[in-house]
Amino acid sequence: SFTKTLVTFNNVPSTGKSSWAARLVKCSPFGFLVAFMILTRALFRGFEVEFTDEYSGSCSAMFFAVNVFYCFFFLVELCLRMFAEEGLFASPRNPLIFWNFF
């Protein structure tokens, strides 16, 4: 389940050079924040599609700004994970290699 996935994230090996990033990425609140952002992104996307369909494109600047925010958040999250896991991000020794490539 979700908690087991968070525990799996905590067991990813680290080389120890970027300990602050590794501690941040591996802590449960960070995992919950990312899960919350994924959930809100999905809900917002559904709202955006419904609103755009009904009102034919009004408020497109607001939707664009929110989309840029989510993209920036997920880019920072990805960079933090890559920095924390260093060479192990794409290593076959990493138990989350398939999730990382996804």
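Tutor: In α3, the buried residues are Phe30, Gly31, Val34, Met37, Thr40, Phe44, Glu48 and Phe51. This is a predicted model, where local features need pLDDT of at least 70, side-chain atom pairs count only at pLDDT 80 or more, and totals for chains, interfaces and linings use all residues. Residues are numbered from 1 along each chain as its sequence is written, and side-chain values use heavy atoms, leaving out hydrogens and water.

Student: Why is Thr40 called buried?

Tutor: Buried means under 20% relative accessible area (exposed is over 50%, partly exposed in between, with a 1.4 Å probe and protein chains only). Thr40 has 19%, so it counts as buried.

Student: What makes Met37 and Thr40 a polar contact?

Tutor: A polar contact is a pair of N or O atoms within 3.5 Å; within protein, one must be able to donate a hydrogen and the other to accept it, and residues adjacent in sequence count only if both atoms are side-chain atoms. Here the backbone oxygen of Met37 lies 3.1 Å from a polar atom of the Thr40 side chain.

Student: How do you know that the length of α3 agrees with its 28 residues?

Tutor: The expected span is 1.5 Å times one less than the number of residues. For α3 that should be 40 Å, and its end C-alpha atoms are 40 Å apart, so the two agree.

Student: In α2, what puts the buried residues on the same side?

Tutor: Ala21, Ala22 and Val25 are the buried ones in α2. They cover an arc of only 100° around the axis, so they sit on the same side of α2. The arc is taken from the directions from the helix axis to the C-beta atoms.

How values were computed
Helices (H or I, at least four residues) and strands (E, at least two) are DSSP runs, numbered from the N terminus.
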